[in-house]
Every structure is written in C-alpha cells, then in structure tokens.
Amino acid sequence: MGFVPAYLKLRAETFEESAERLERVLADCTLCPRQCHVKRNAGEQGYCRTRPLPFVSSWGPHRGEERPLVGTGGSGTIFFSNCNLGCLYCQNYTISHLGEGAEISHERLADVMLSLQEAGCHNINLVTPTHQVPGIIRSVKIASDKGLSLPLVYNCGGYESHTTIALLDGIIDIYMPDFKYADAAAAGRYSDAADYPERAREAIREMYRQVGDLVMDERGIATRGLLVRHLVLPEGLAGTEEVVEFIAAEISPNTYLNIMDQYHPCDRAREHPSLNRRIGVREYEDAVACARRAGMTRIDGVTI
C-alpha cells in the first residue's frame with residue numbers, strides 16, 4: 001500500500017470535531033502564545049490582524065525549499081498573509097507585515113490545494129499558518145473529501161501554542177518550524193516575542209511526539225516527520241549553539257536540520273547595527289560545526 005496522509009486515516013467525525021474545536025477558539029482567540037483574547041469570529045483583530053477566513057498572498061510549486069520537499073515536482077506552497085511574530089528583518093515583510101493578499105473562502109482554498117496536487121507537487125506546504133489554523137483545517141477537510149491525498153507541511157515560525165499544536169495531532173504529516181532564538185532578550189528585541197525560546201521548545205517537543213524523525217520514500221521525498229530550520233544571524237544573535245544542543249539532546253540527533261545562510265538586512269533591520277549586514281562564510285561554517293559537535297546527523301546540504 002502506498003503513502004496515505006494522516007488526515008485521511010482519521011474518522012470523519014474526529015476530523016470534523018478537530019475543525020470545530022479550532023474554530024471555537026476564534027471566539028476568544030488563544031491560537032498562539034500572544035493570547036489576544038479577541039473575538040475574531042465577530043470581526044475583532046488581534047496581533048495578527050487577521051479575520052476568520054483564510055487570508056492568502058500567493059500559491060504555486062516552489063523549487064527553493066529543502067530537497068526532501070521539492071523532489072521533481074516542487075513543493076506546493078501556499079503563502080498565508082500576516083504573522084504572529086514581529087521580526088525586524090523579515091524577508092517576506094510585504095506579506096507578513098504589510099498584509100499583501102486577499103481573503104478567500106474555505107472552498108476556494110480547498111480548490112487551491114487540489115490544483116497544486118494536479119500540478120504534480122509532492123506536498124501542500126502551509127507557509128505561516130499559525131494564526132490561520134482553523135480556516136486551513138476546514139479547507140483541508142473540504143479538499144480531502146474531493147480527493148486531496150498529499151502530505152501536509154506545517155511551515156511555521158516556531159512561535160506556537162502547545163495547545164493548538166496538540167489539536168493538530170493526526171492531521172499534519174510534516175512539521176517544519178523555525179527555531180529562531182535561544183535567548184529571550186534577542187527574541188524580544190528582534191521579533192517582539194521574549195517568550196519565543198520557551199514556546200518554541202514546547203512546540204517542537206509536541207511536534208516530534210506526533211510525527212518523529214523525518215521519513216522519506218524511495219525517491220527521497222519526505223512523507224512524515226519533523227524538519228527544523230535555523231537561520232544564522234550576525235554576531236551570534238540566534239544562539240545557534242544552544243539551539244542545536246537542545247535539538248540533539250531533547251528532540252533527536254537524527255532530526256533533519258536546515259542551517260540557513262541566507263540572512264540579509266530587510267525591512268527594519270538596517271536600523272540595528274548588529275543586523276545591518278549579511279553573515280560571513282566563517283559564521284555559517286561555525287554554525288554547522290556547532291551542529292556537528294552536538295551530534296546532529298542530518299544537516300541539509302552537508303555531508304556528515
């Protein structure tokens with residue numbers, strides 16, 4: 001028997017119950033660690049400035065993601081607008097901060113997912129889904145009833161509520177969180193989320209409990225598991241050594257880890273001298289060396 005995504009293994013009643021429980025959260029929104037307690041289903045907006053319907057910027061096959069997601073057909077990315085983080089250096093700030101995009105119906109989002117499947121993509125890659133989980137899951141339910149059968153990728157910034165992630169158990173196949181910071185002061189200063197390190201650790205533990213290490217099929221395409229991203233920042237601001245030591249010791253040394261070197265000053269980063277430059281080759285090499293010393297065995301693009 002071939003691959004079957006987690007959400008197709010759920011009883012219809014269980015899937016519907018999960019969707020309804022998530023939708024009820026919008027009446028007093030606590031979807032993410034911001035805990036805004038606004039009535040989003042009545043039109044109120046919290047930190048993410050997003051109403052109940054899916055708010056989408058763009059979608060299409062993406063060939064710039066990690067190799068296990070891209071394969072030959074690309075990753076079926078859907079970019080959701082707005083964000084629950086306030087990163088000063090966001091490379092997608094026009095989407096995440098300026099709100100490029102438009103509201104669409106659940107039915108339309110379901111059709112988008114099906115169109116990506118028809119285009120030959122290997123997965124449905126939900127980019128910045130945290131604040132839009134109820135609408136996404138409702139749309140997945142509709143799409144699955146119409147034949148969606150690709151793995152779901154939860155591609156998030158890592159600032160997650162353990163409670164919300166727990167409600168996704170049995171629905172999400174691949175979790176792909178960032179782990180941006182090990183230091184609370186840096187997280188507060190650069191992403192307006194001083195509790196980020198604690199919340200990210202809680203969420204990643206729960207994600208791993210649900211899906212385990214990344215599993216690939218005979219083509220090298222990811223079907224289930226955890227993939228963690230870590231963006232190296234100038235001056236060691238991301239706390240790379242602590243991040244990789246946590247992953248190796250408390251999650252799994254076999255975690256698929258992408259240590260990213262593409263940082264460059266965007267948006268408001270130029271207002272902060274420590275962020276106003278690209279990272280050097282040596283800084284990236286040091287980050288990879290940290291991961292190797294911690295015992296990490298699967299680093300994207302690196303031969304161990």
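Helices here are DSSP runs of H or I with at least four residues, numbered from the N terminus. All views show a predicted model.

**View 1. Helix H11 and the glycine that follows.** Helix H11 covers residues 281-294, which makes 14 residues. From first C-alpha to last, H11 reaches 20 Å. That is close to the 20 Å expected at 1.5 Å a residue. Glycine 295 follows H11. The phi of this glycine is positive, near 100°.

View 2. Which residues of H11 are buried? They are Tyr284, Ala287, Val288, Cys290 and Ala291. These residues cover an arc of only 150° around the axis, so they lie on the same side of H11. An α-helix has 3.6 residues a turn, so residues three or four places apart point the same way. Val281, Arg282 and Arg293 are exposed on the other side of H11. The cover over the buried residues of H11 includes helix H10 (240-251), strand S9 (256-260) and strand S10 (298-299).

**View 3. Helix H6, largely enclosed.** Of the 13 residues of H6, 12 are buried, so the rest of the structure largely encloses this helix. Among the buried residues are Val133, Pro134, Ile137, Lys141 and Ser144. Arg138 is buried in H6 too. Just after H6 comes glycine 147, with a positive phi of about 115°.

**View 4. Helix H5 packs against helix H6.** Two packed helices are described by the angle between their axes and the distance between the axes. H5 spans residues 106-118 and H6 spans residues 133-145. What is the angle between them? It is about 60°, and the axes are 8 Å apart. The crossing of H5 and H6 is right-handed. H5 makes the contact with His106, Glu107, Leu109, Ala110, Met113 and Leu114. H6 contributes Gly135, Ile136, Arg138, Ser139, Val140, Ile142 and Ala143. Sorted by class, the contact has 8 nonpolar, 3 polar and 2 charged residues.

**View 5. Serine 161 in a loop.** Where is serine 161? It sits in the loop between strand S5 (152-156) and helix H7 (162-167). Is serine 161 buried or exposed? Buried means under 20% relative accessible area. Serine 161 has 9%, so it is buried. Leaving out residues up to four places away in sequence, serine 161 touches Thr30, Leu31, Cys32 and Pro33.

How values were computed. Residues are numbered from 1 along each chain as its sequence is written. This is a predicted model: local features need pLDDT of at least 70, side-chain atom pairs count only at pLDDT 80 or more; totals for chains, interfaces and linings use all residues. Side-chain values use heavy atoms; hydrogens and water are left out. Axes are lines fitted to C-alpha atoms, for helices over the stretch in contact, and angles run from 0 to 180 degrees between N-to-C directions. Helices (H or I, at least four residues) and strands (E, at least two) are DSSP runs, numbered from the N terminus. A crossing is left-handed if the near helix is turned anticlockwise from the far one by less than a right angle, and right-handed if clockwise. Contact means heavy atoms within 4.5 Å. Ala, Val, Leu, Ile, Met, Phe, Trp, Tyr, Cys and Pro count as nonpolar, Asp, Glu, Lys and Arg as charged, and the others, Gly among them, as polar. The expected span of a helix is 1.5 Å times one less than its number of residues. Buried means under 20% relative accessible area, exposed over 50%, partly exposed in between (1.4 Å probe, protein chains only). The arc is that of the directions from the helix axis to the C-beta atoms.
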